[in-house]
Amino acid sequence: VFENEPKHYNKEVHFFDNINRYEQGVEFYTKRFEHCAQEGNTKFIMDATPATLMESQRVYSLYNQVPGDLSTSLKLIVILREPVSRELSLYNHKVYKF
């Protein structure tokens, strides 16, 4: 997590759904995961931002910037949640936030 960021940014980078972050480019996004390589974890790195798929064109654009052989090992895993539980979770998150 970068300085002055909310704690939930540990797993939710909010790169694709935040235009200010997205405009900083792929270098900003990859910098978020530098600690993984330093800790020896390069096999599995995760961004769990819930709204990523809402910006699918941005995801596709970034995927196309991945150099050479790295793109063959890059996986996008989508987990869909039961809609009512998802809305209840969002409500609870908003109540806590405000």
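Mentor: What follows looks at that pair, then at a surface patch, and ends with another arginine. The model is predicted, so local features need pLDDT of at least 70 and side-chain atom pairs count only at pLDDT 80 or more, whereas totals for chains, interfaces and linings use all residues. Residues are numbered from 1 along each chain as its sequence is written, and side-chain values use heavy atoms, with hydrogens and water left out.

The structure holds one salt bridge (a side-chain nitrogen of Lys or Arg within 4 Å of a carboxyl oxygen of Asp or Glu), and its partners are Glu-55 and Arg-58, whose closest N and O atoms are 3.7 Å apart. Glu-55 is partly exposed, at a relative accessible area of 27%, whereas Arg-58 counts as buried at 18% (buried is under 20%, exposed over 50%, partly exposed in between, with a 1.4 Å probe and protein chains only).

Leu-53 lies in the loop between α3 (34-38) and α4 (56-63) (helices are DSSP runs of H or I, at least four residues, numbered from the N terminus), and with a relative accessible area of 44% Leu-53 is partly exposed. Together with Leu-76, Val-78 and Leu-80, Leu-53 forms a nonpolar surface patch of about 430 Å² accessible area (members have over 30% relative accessible area and no salt bridge, and nonpolar side chains are joined within 5 Å; areas are by Shrake-Rupley with a 1.4 Å probe).

As for the other arginine, Arg-21 belongs to helix α1 (residues 19-22) and is buried, with a relative accessible area of 9%, while its side chain reaches the backbone oxygen of Val-13 at 3.2 Å.

How values were computed:
Patches are made of residues with over 30% relative accessible area and no salt bridge: like charges are joined within 9 Å, nonpolar side chains (Val, Leu, Ile, Met, Phe, Trp, Tyr) within 5 Å. Helices (H or I, at least four residues) and strands (E, at least two) are DSSP runs, numbered from the N terminus. A polar contact is a pair of N or O atoms within 3.5 Å; within protein, one must be able to donate a hydrogen and the other to accept it, and residues adjacent in sequence count only if both atoms are side-chain atoms.
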